[in-house]
Amino acid sequence: YQLTEKPQKTVYITTPIYYVNGVPHIGHIYTTLLGDILYRWHKLRNIPVKYLTGTDEHGIKVQQTAAKLKIEPKQLADQNSSSFKKIFKAFNITYDRFIRTTDEDHQEMVAKVWKKLDQAGLIYKGKFEGWYSVGDETYVVDRDIEITSDKDGNEIRISKESGHVLKWTTEENYLFKLSEFQEPLLNWFEKNPKVISPSFRQKEIVDFIKGGLKDLSISRTAVSWGIPVPDDPNHTIYVWIDALTNYLTYAGIPDEVKERGEMPLFPPEYQLMGKDILKFHSVYWPAFLMAMGLPLPKKIIAHGWWTKDKKKISKSLGNAFEISEVVEKFGLDPLRYFLFRESTLGADGDYSENAMTSRLNNDLADTFGNLVIRSTSQSLNPKRCVPEIDQNFFTKEDNELISMLNDLRGVTDHFILNCQFNKALTEIFDMIKACNKYVVEQKPWVYKKSEKDEDQKRLSIILYTIIEVVRVVGTLLLPFMPETCDRLLNQLGVKPELWNVDSCVFGLRKPGEPFSQDTSILFKKYEPNKVYKK
Ligand code: ME8
């Protein structure tokens, strides 16, 4: 694999905006970290990129939770929105904007979107009846309803997908002519078979659309905590139109951006989310965009669930693991590494203390940490600097390792851009393992003992090679473990101009460049029997 060509347009990455009726857990952090890693990767490649995340603050759920707590919805939103911000910061997540749907520019954009849909003749007033799931903020159609009974034996209906209880709801409200978009959506998916990753999810969505699309209720009279419908303030705008619009609020409407003489950011190259909200993003959202004549998203990525000891993590089960405790025990970067090493896009990932311990102790401390220690070893390299090398002393074994190293950035790029982070990490760690094997086979300590000039030259080449492997893997791992790899590259004395993917090829270090004084170890092993402070 070669590095992919740099795109013409600024790459736009988005996450869902999270409901503020609860506090953040590892699932929210996972999606936002996914975006952070993509974002950091683009930056490391010097590709212009923007990253948006935030909170979804209107709607009945927030209204009800606030009422229970006897506080104003805005107060609840303020509290929980800042806990999202705080935890993202603690996870070293970087972004360009944290949007809140209560932000003024967002409310204006939502009203604008409403007017555009209305002007296109796609909104009408009508009576709407159906089974409504407050938990999911959506009406549920018959084929997705399960009839069962509650603990008192009363017949109830629940959503097959989420398990939330449904309530028969009759409302006079505004509807959007979603039914007109069945064919256009099917055409779009047919022409773009790779919009949704993983691809089996695209088939599910296409089947769902083929099953028929009913017009969508897009206003509520029963919800006061929302953005008013323009010219009809008895209604508030359906929270999903409100929420989905956030992607436009930040990017701006392309024609208006162009008029200002700037390059439009819209549409997103990456829309990241969990599988639970794929339908909203791949049916409703593109239909709204088509209705407004706006460009459609390039890639919609729907990842699987995080489970703990094989059980789904959720607010209602209350089994979200104590994130701060995990970070305290294992360290932040090891957790970031774990989350993407242990999950494949689309499938569910499982957290357990055993798996976490094994990733930290084996992959990070033993495999990676050992190579780092070898690369900076004072006994082999007493001057602690990049050694002088003589080109005539390279062997077949060195060259094989070097050619593997030179291929690594292209392979890593390929997998990261496809959001297959576990594959990227596997490749990088295969490189680290290959280099550990190389050290064992090349036995630099044997040359160290010899006084002969040619043996000293071999020693230098081996050391130089290891130092270069560590620099390259350390750079490629920066997006995953930013704090640790930053420390590593500083320890090796790598100049700032090499901290990028373009420089991830062998042979760019200059002989004589000194290592830093910092020799702290990168990864501390976790010992389960040791008592850790809370
Ligand atoms: O749906 N594993 O917000 P939300 C992995 N406001 N990811 C998980 C997860 C888990 N166990 N639980 C949650 C909403 N997530 C709307 C979105 S967008 C215009 C509006 C992640 O707070 C995953 O990304 O319920 C999922 O899609 C999202 O949190 C849902 O967050």
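I428 is in contact (C-beta atoms, placed from the backbone, within 7 Å) with L408, T412, V473, L476 and L477, residues up to four places away in sequence not being counted. The model is predicted: local features require pLDDT of at least 70 and side-chain atom pairs pLDDT 80 or more, whereas totals for chains, interfaces and linings use all residues. Residues are numbered from 1 along each chain as its sequence is written.

I428 is among the buried residues of α15, which also include F421, L425, M431, I432, C435 and V439. A residue counts as buried if 20 or more other C-beta atoms lie within 10 Å of its own, as exposed if 12 or fewer do, and as partly exposed in between, with C-beta atoms placed from the backbone. Seen down the helix axis, the buried residues of α15 line one face, because they fall within an arc of 140 degrees, taken over the directions from the axis to the C-beta atoms. The face turned away from this buried side carries the exposed residues K437, V440 and E441. The buried residues pack against α1, α12 (332-341), α13 (353-375), α14 (396-417), α16 (444-449) and α17 (453-476). Helices are DSSP runs (H or I, at least four residues), numbered from the N terminus.

Helix α15 (residues 421-442) has 22 residues and spans 31 Å from first to last C-alpha, close to the 32 Å expected at 1.5 Å times one less than the number of residues. Just after α15, K443 takes a positive phi of about 45 degrees.

Notes:
Helix = DSSP H or I, 4+ residues; strand = E, 2+ residues; numbered from the N terminus. Contact = placed C-beta atoms within 7 Å.
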